[in-house]
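Please take a moment with the sequence and the model below before reading on. The paragraphs that follow lead through them one part after another.

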Amino acid sequence: MSGSGQSEETGSRAVVKRIGIIATCVVGGSLCALYAVAGPFVAPALRKVCLPFVPATTAQVTNVLRALGSRSGTLVDIGSGDGRIVIAAAKEGFRAVGFELNPWLVLFSRYRAWREGVHHRTSFHISDLWKVSFSQYSNVVIFGVPQMMEQLETKLQSELHTSAKVVACRFPFPTWTPDHVAGEGIDTVWVYDAKTFKSRVTTAKLLNRPKDSTTPHQ
């Protein structure tokens with residue numbers, strides 16, 4: 001083989017090698033970017049109690065606002081997703097707050113609130129709901145899953161004031177009796193007055209309290 005032929009072959013191998021390196025870098029970079037974007041969406045599903053993002057329907061939003069009636073004050077959406085409940089509540093005059101574990105959804109919610117002109121009446125926080133106290137809120141909205149409702153029931157029971165109202169969407173709380181139910185199917189909402197469920201728990205505790213075992217002296 002001539003020297004020119006050998007040099008051409010060597011050059012071709014070098015080009016192929018460089019192309020392979022570039023392709024590897026591109027694929028690796030794409031996978032890293034995909035993980036960075038998808039990671040926050042997938043991570044919640046890996047937790048013990050999963051709270052997946054499922055957008056609220058228009059009917060659900062309407063039912064939530066109707067359930068709150070003429071109430072006002074502060075409102076918190078637990079697992080606020082893309083912020084549609086918070087934004088809708090702010091338009092009705094509430095000072096509305098959303099807690100969401102997914103940072104991308106929080107950023108998108110803030111953008112939506114700004115675009116809808118209610119950013120001054122809303123706030124969105126990246127936070128685990130189990131690490132937040134809801135005692136300051138007079139209206140609570142939750143789109144939960146069955147696995148978390150019992151634990152959340154206990155948490156809200158201990159934190160909320162008697163004047164608070166809780167609206168559960170898609171799934172009711174396991175032991176509380178709703179004061180009102182609106183909608184049907186996936187759009188159903190269950191409405192609970194804190195005064196009702198707190199008084200029932202207090203009554204149950206009194207009924208289950210051990211009687212005084214001491215006997216009076218004769």
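Helices (H or I, at least four residues) and strands (E, at least two) are DSSP runs, numbered from the N terminus. Residues are numbered from 1 along each chain as its sequence is written. This is a predicted model, in which local features need pLDDT of at least 70 and side-chain atom pairs count only at pLDDT 80 or more, while totals for chains, interfaces and linings use all residues, and side-chain values use heavy atoms, with hydrogens and water left out.

The pLDDT, the predictor's confidence in each residue from 0 to 100, has a mean of 80 over the chain, with 68% of the residues reaching 70 or more. Over residues 23-49, however, the pLDDT is below 50, and it stays under 50 over residues 213-218 as well.

Helix α2 covers residues 58-68, and its residues Q60, V61, N63, V64, A67 and L68 are buried, that is, under 20% relative accessible area with a 1.4 Å probe and protein chains only, where exposed means over 50% and partly exposed lies in between. Seen down the axis of α2, these buried residues fall within an arc of 165 degrees, so they line one face of the helix; the arc is that of the directions from the helix axis to the C-beta atoms. The face turned away from the buried side of α2 carries the exposed residues T58 and R66. Just after α2, G69 takes a positive phi of about 55 degrees.

Elsewhere, strand β2 (residues 95-100) pairs with strand β3 (residues 122-126) in the parallel sense over five bridges, pairing being called when DSSP finds at least two bridges between two strands, and V97 stands opposite S123 in β3.

Conventions. Contact = heavy atoms within 4.5 Å.
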